[in-house]
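Subject: Structure handover

Hello,

Here is the structure we talked about passing on.

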Amino acid sequence: MDLRYLQIIMTNGENELKMGVGCPIKIVSMSGIESSEYSIHTTTSATEDGSSVTGKHVEARNINLVFGVDDFSNSVQHRRNLVRFFNPKNTIHLKINYCYSQVQINCEIASFKFSDQVTLWDILEGNLELLCPFPYFSDLDNFGKNIAAFTAQWAYPLTFSNVENDKHELHKIFGYKTFSNVAVLPNKGDVSTGVVIKLTATRGYVKNPIIKKESTNEFIEVFLEMEKGDVITIDTNSGKKEITYTHLGVTKKISNKINKQSTYFSINVGDNAIRYDAEVNYTNLDVHLYYTPKYLGV
């Protein structure tokens, strides 16, 4: 297998466009996928030499792409499709497969134009500039873990008698509840990332659930009494921070129900221990955690 592989897939909400290996539209050059520009903020003192770093900021990402149409007989139709696809009113969702490392990012169209053609028989080439306001790439899939899981005790397929005898115990337990209320989330990305926490009162009444990041003692506590089947969803991702409550199929925002000292914490690079609890009946909860690692480049 040749590892020198580059293919991108762009969608604008309705249509899809592929470029690169195996596609009629070839990628001539591509830049801006390795890293983003960044700024270092400093402050100086009249009585001390040098300066002190007060902050670091990763700027919006710029991706520049030069492509050519390797389908001369249909170049006119390709030109029409490209003009229609790169409508600046649309946001582009970009997936990149670079040497079999796959990531995704959302972009805006900063500029799109075709190269000058001396004659209509010249190869059709184009230049595309994309602006990614949020500069980090993310995995194509998110990761998840249920802290409150069941552990199986039997192997399947399994057959047994439905009556009690000397070889079979009636009402045999098939699994047991793992009542550990701590899970370790490994973040293999380059930077911290938000997490979506889904608290479900699967087994009955729960009062005032709380979820805590052990390394920093940051927590989110929700002052709410949950009935069986109720769901609280907490999103700590940048730009999406909110808490919702679903009861009898109706979902509403309840960010005003949290402890005022709560923090919408992120998952650091490396391992993160996350603990859940409740004022009453924490064992009635199922707790699912979902997160997507983010990368500086590909």
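The notes below go through a helix, strand pairing, salt bridges, aromatic rings and backbone angles. Please keep in mind that this is a predicted model.

**Helix 1**

Start with helix 1, which covers residues 75-85. Its buried residues are S75, H78, L82 and F85.

What do the buried residues of helix 1 pack against? Strand 1 (6-11), strand 2 (16-20) and strand 3 (25-31) are among the partners. Strand 6 (61-69), strand 7 (91-98) and strand 8 (101-114) also take part.

**Pairing around strand 22**

Strand 22 spans residues 270-280. It pairs with strand 14 (residues 182-187) over six bridges, in the antiparallel sense. In that pairing, V184 stands opposite A273 of strand 22. Strand 16 (residues 206-213) also pairs with strand 22. That pairing is antiparallel too, again over six bridges. There, P209 stands opposite A278 of strand 22.

**Salt bridges**

How many salt bridges are there? The count comes to five. Three of them are described here, including two with a residue in strand 22.

- R203 and D286 meet through their side chains at 3.0 Å, N to O. This pair links distant parts of the chain, 83 residues apart. R203 sits in the loop between strand 15 (195-201) and strand 16, while D286 belongs to strand 23 (residues 285-291). R203 is partly exposed, with a relative accessible area of 29%. D286 counts as buried at 13% relative accessibility.
- K207 and E279 form a salt bridge at 3.6 Å, N to O. K207 lies in strand 16 and E279 in strand 22, so the pair ties together parts that are 72 residues apart in sequence. K207 is partly exposed at 24% relative accessibility. E279 is exposed, with a relative accessible area of 51%.
- R275 and E214 form a salt bridge at 3.1 Å, N to O. R275 lies in strand 22 and E214 in the loop between strand 16 and strand 17 (218-221), so this pair ties together parts that are 61 residues apart in sequence. R275 is partly exposed at 31% relative accessibility. E214 is partly exposed as well, with a relative accessible area of 28%.

Strands 16 and 22 therefore have two kinds of link: they pair in the antiparallel sense, and K207 in strand 16 is tied to E279 in strand 22.

**Aromatic rings**

The count of aromatic pairs comes to eight. Is the pair of F67 and F112 stacked or edge-to-face? The ring centres are 6.4 Å apart and the planes are at 5°, so this pair is stacked. F67 lies in strand 6 and F112 in strand 8, so the pair ties together parts that are 45 residues apart in sequence. F67 is buried, with a relative accessible area of 0%. F112 counts as partly exposed at 21% relative accessibility; the buried class needs a value under 20%.

The second pair to check is F85 with F86. Their ring centres are 5.1 Å apart and their planes are at 90°, so this pair is edge-to-face. Both F85 and F86 are buried. Ring pairs link F67, F85, F86, F112 and F114 into a cluster.

**Backbone angles**

Y100 is not a glycine, yet its phi is positive, at about 70°. Y100 is found in the loop between strand 7 and strand 8. At 35% relative accessibility, Y100 counts as partly exposed. N217 also has a positive phi, near 65°. N217 is found in the loop between strand 16 and strand 17.

Best wishes

Notes. Residues numbered from 1 in each chain as written. Predicted model: local features only at pLDDT ≥ 70, side-chain atom pairs only at ≥ 80, totals over all residues. Heavy atoms only, no water. Buried < 20%, exposed > 50% of the residue type's maximum accessible area, 1.4 Å probe, protein only. Helix = DSSP H or I, 4+ residues; strand = E, 2+ residues; numbered from the N terminus. Contact = heavy atoms within 4.5 Å. Pairing = 2+ DSSP bridges. Salt bridge = Lys/Arg side-chain N within 4 Å of Asp/Glu carboxyl O. Phe/Tyr/Trp six-rings, centres within 6.5 Å; stacked < 30°, edge-to-face > 60°.
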